[in-house]
Amino acid sequence: MRKFQQERLEKGLCYRCGVNEHSPNRTRCPDCLVMDAERQAKQRSKDKQLVFEAYGGYACNCCGETMKECLSIDHVDNDGYSHRKEIGKQGSAFYSWLVNNNFPEGFQVLCMNCQFGKKHNGGICPHKAK
């Protein structure tokens with residue numbers, strides 16, 4: 001397949017579709033770039049949904065907040081910085097890492113308020129410290 005793609009590029013064509021000229025400084029045409037971006041966005045959304053479902057659904061494990069925009073995945077042992085540095089993933093790439101590693105233990109759904117409170121209260125959310 002790579003030889004086939006290389007031949008297309010040498011002709012100035014998109015390596016993916018082989019029909020249109022590729023964009024300047026790119027290997028794909030504008031149509032294929034858009035199509036690939038849409039496919040990647042769908043995959044990121046699917047991964048995020050799978051992660052939240054695996055770790056308890058769309059509700060904060062501490063306060064019960066259900067606004068999806070406020071929720072995130074928390075490292076239970078407060079080792080998020082070192083873990084993300086170790087695996088080199090953050091954001092949507094972190095969700096993909098969780099999916100590809102079969103949803104390992106040590107993670108939970110928390111709202112950003114509880115995560116922030118946990119971070120600034122010695123690893124315990126102020127809701128639970130009372």
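## An exposed asparagine in a loop

At 82% relative accessibility, N25 counts as exposed, because exposed means over 50% relative accessible area. This value, like the others here, comes from a predicted model. N25 is found in the loop that runs between α1 (2–10) and α2.

The backbone of N25 deserves a look too: its phi is near 60°, a positive value in a residue other than glycine. Most residues other than glycine have a negative phi.

N102 is not a glycine, yet it has a positive phi of about 55°. Is N102 buried or exposed? With a relative accessible area of 64%, N102 is exposed.

In soluble globular proteins, nonpolar side chains tend to be buried together. Here the largest nonpolar core has 17 residues, and V51, Y55, I73, L98 and F107 touch the most other members. Two or more residues each come from α2 (30–54), β1 (71–75), α4 (92–100) and β2 (107–111). Which element gives the largest share? That is α4, with five residues.

You can see α4 at work in its buried residues: F94, Y95, W97, L98 and V99. The buried residues of this helix pack against α2, β1, α3 (80–87) and β2. Take L98 as one example: leaving aside residues up to four places away in sequence, L98 touches V51, Y55, I73, F103, P104 and F107.

## Two paired strands

Strands β1 and β2 pair in the antiparallel sense, over five bridges. To find a place where they face each other, look for D74, which stands opposite Q108 in β2. Why is β1 described as largely enclosed by the rest of the structure? Five of the five residues of β1 are buried, so the rest of the structure largely encloses this strand.

## F107 and its neighbours

F107 has its place in strand β2 and is buried, with a relative accessible area of 11%. Which residues does F107 touch, not counting those up to four places away in sequence? They are Y55, I73, D74, H75, V76, H83, F94, W97 and L98.

## A histidine pair

One of the neighbours of F107 is H75, which lies in strand β1. H75 counts as buried, at 6% relative accessibility. Its side chain makes a polar contact with the side chain of H83, at 3.0 Å. Beyond residues up to four places away in sequence, H75 touches G80, H83, R84, F94, G106, F107 and K118.

## Cysteines without a bond

How many disulfides does the structure hold? The count is zero. The sulfur of C63 has its closest cysteine sulfur in C111, 3.7 Å away, which is too far for a bond, because a disulfide needs the two sulfur atoms within 2.5 Å. C111 is in no disulfide either: the nearest cysteine sulfur, that of C114, is 3.5 Å away.

C63 is partly exposed, with a relative accessible area of 38%, whereas C111 counts as buried at 4% relative accessibility.

Methods:
Residues are numbered from 1 along each chain as its sequence is written. This is a predicted model: local features need pLDDT of at least 70, side-chain atom pairs count only at pLDDT 80 or more; totals for chains, interfaces and linings use all residues. Side-chain values use heavy atoms; hydrogens and water are left out. A nonpolar core is a set of buried Ala, Val, Leu, Ile, Met, Phe, Trp, Tyr and Cys residues joined through side-chain atoms within 4.5 Å. Buried means under 20% relative accessible area, exposed over 50%, partly exposed in between (1.4 Å probe, protein chains only). Helices (H or I, at least four residues) and strands (E, at least two) are DSSP runs, numbered from the N terminus. Contact means heavy atoms within 4.5 Å. Two strands pair if DSSP finds at least two bridges between them. A polar contact is a pair of N or O atoms within 3.5 Å; within protein, one must be able to donate a hydrogen and the other to accept it, and residues adjacent in sequence count only if both atoms are side-chain atoms.
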